[in-house]
Amino acid sequence: MKCFYVVLYLVIACTVAAEACTSAIVSGRVTANGRPLLWKHRDTSRQNNKVERIAATDSTYEYVALFNAEDTLCREAWIGYNSQGFAVMNTAVYNLKDDTVTGMDREGLLMTEALRRCTTVDDFEQLLCCLPKPLGVEANFGVIDARGNGAYFETDNWNYRKYDLADAPDGVLVRTNYAHSGRRGEGKGHTREANALQLLKPHITYRDISAELLTETLSRSFYSSRRGKDYTHSETTLQADQEFIPRPTSCATVVVEGVATGENPLLTTMWVGLGYPPCSEIRAAWLGDNGVPDELRGTGRNGHSPLCDAAIARKDKAFSAKGEIDISKLYNKRGTGYCQLLLTRNKEAYRRGYEIIGRKRSQLHGNSEH
C-alpha cells in the first residue's frame, strides 16, 4: 500500500476524553455463519454517538463509522468498515506509554485514515509503519479484512506489537484497556477481559458466536468473574462501576460482521446499538445510499442520533444520582425490564437485517451459496 502522510493527523492535537472499552475479534471458524466479527463495547465520557456514511473520493474508499455526535466533520472514527471489507476499531491502553510526548488521543484520526486507505490487515500494518512518529496514540487497534484475516496491534507513539488472529488457538482475541505486551500489572480492564472470555467460552466450544451474542448477551451482562457471580437477573441495586462489561460510561455496542471467503466485501454489515448498551436498540448499517438508518445518524437536535437519545433516557431512569443501577429496571420477574423488552425487539431487528443481507447476497452473487 502506498504510504500517505496526513496533514490533519500531524497538526491537530485532539482532546478526546480517554476511553475504556471491551472488545473482541472472532475468527469465522468459531462463528455461527462462518463470518468473522469485530466487536467494540465503547466506554467514554462522550455519551452521544452517531453513525454516518462517508462517500468515496478519487483517492479514498467509501466507509461507514461511529463518530461522536459533536464531530460535525466526521474526522474521528471509533469503529467502522469500508467498501473493501476492511474494518478497524480501538481500545485505550494504559500500560505502554513511557515518554513525555503530548498531543495524544489521535486514535480516531488514525482510524479515519485507515478506513480511507486500507484494504487489508497488512495495509494497516504498513500505515502504522509509515506514519510520522510520534503517532500520538496508546491503544489496541483491532482490524479484520475481507480475506478472513484479523489482528490486534498494541501500539504506542513509536512501536507496535501484532497479535494475529490466525495464531489464536480458540479463534478469539479479547482486549480491554491494557496491552498484553505492556508493563505487567498495569493498565485497566483485566476483570472485564476475564468476564468476556468466560461468557464466550461455551460458544467457542459450540462454534456459534454471533453478532447477536455480542450485543445482546455480553454488552447486557452483569457477570463478574472477580466475584464469580452473575448479577444480571438479581433484581438488586448495585454500584454500577464494578468492572462489569456495561459501565456507567458505556455508550455503544457495535459489531462489524465481515464476509466469508469469496463473498463481495459490500456484504459487510455493521450492527449498532447506540447509547447505554443494556438500553439500546440494534440497527444494521451498510454502505451505499440509505444504508445507514436515519435513527442512527446525527439527524436529531444538536446532531444527536434519535436512538442514542432514547437509550440514554432509559439509562437515566435505571441509574440513581449516586451512580447505582437498579437491575430490576433492566431485568425483572414480570418481564418488563428494558433489556427484556429490547431483547425481543432486537431479535426482530437481526431477523430483518439478515433478510436484507440475503437479498443483497442474491443480487451480488446470484443464487450461489456461501
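Residues are numbered from 1 along each chain as its sequence is written. Because the model is predicted, local features need pLDDT of at least 70 and side-chain atom pairs count only at pLDDT 80 or more, whereas totals for chains, interfaces and linings use all residues; side-chain values use heavy atoms, with hydrogens and water left out.

The protein chain contains seven helices and 17 strands, where helices (H or I, at least four residues) and strands (E, at least two) are DSSP runs numbered from the N terminus. Its radius of gyration is 19 Å, close to the 21 Å that the globule rule gives for 370 residues, so the chain is as compact as a globular protein of that length. The radius is taken over C-alpha atoms, and the rule is 2.2 Å times the number of residues to the power 0.38. Along the principal axes, the C-alpha atoms fill a box of roughly 60 × 55 × 45 Å.

Of the 370 residues in the protein chain, 58% are buried. Buried denotes under 20% relative accessible area, exposed over 50%, and partly exposed in between (1.4 Å probe, protein chains only). The accessible surface of the chain comes to about 14,900 Å², and carbon and sulfur atoms account for 48% of this surface. Areas were computed by the Shrake-Rupley method with a 1.4 Å probe; for residues, only the protein chains shown count as cover. Among contacts (heavy atoms within 4.5 Å) between residues at least 6 apart in sequence, 65% join residues at least 24 apart.

The chain carries 46 positive and 45 negative side chains, and the centres of the two sets lie 3 Å apart. Lys and Arg count as positive and Asp and Glu as negative, while His and the chain ends are not counted; each charge is placed at NZ of Lys, CZ of Arg, CG of Asp or CD of Glu.

The structure has zero disulfides, a disulfide being a pair of cysteine sulfur atoms within 2.5 Å. For C251, the closest cysteine sulfur is that of C21, at 7.3 Å, which is too far for a bond. For C308, the closest cysteine sulfur belongs to C251, and the distance of 7.3 Å is again too far for a bond. C251 is buried at 0% relative accessibility, and C308 is buried at 0% as well.

Several backbone features fall in loops. The peptide bond from K133 to P134 is cis, with omega near 0 degrees, and P134 is found in the loop between α3 (121–130) and β7 (139–144). C74, although not a glycine, has a positive phi of about 55 degrees. This cysteine is in the loop between β4 (63–68) and β5 (79–82), and C74 is buried with a relative accessible area of 9%. N302 is not a glycine either, yet has a positive phi of about 60 degrees. N302 is placed in the loop between β16 (282–285) and α6 (306–318) and is exposed, with a relative accessible area of 63%.

Helix α2 (residues 107–117) includes G108. In this helix, 10 of the 11 residues are buried, so α2 is largely enclosed by the rest of the structure. The buried residues of α2 are E107, G108, L109, L110, M111, T112, E113, A114, L115 and R117. G108 has a relative accessible area of 0%. Not counting residues up to four places away in sequence, G108 touches R75, E76, A77 and W78.

T60 is located in the loop between β3 (49–54) and β4 and is buried at 14% relative accessibility. Apart from neighbours within four places in sequence, T60 is in contact with R116 and R117. T60 and C129, 69 residues apart along the chain, have C-alpha atoms separated by 19 Å.

N195 lies in helix α4 (residues 190–206) and is buried at 0% relative accessibility. With neighbours within four places in sequence left aside, the contacts of N195 are Y223, S224, S225, E243, F244 and I245.
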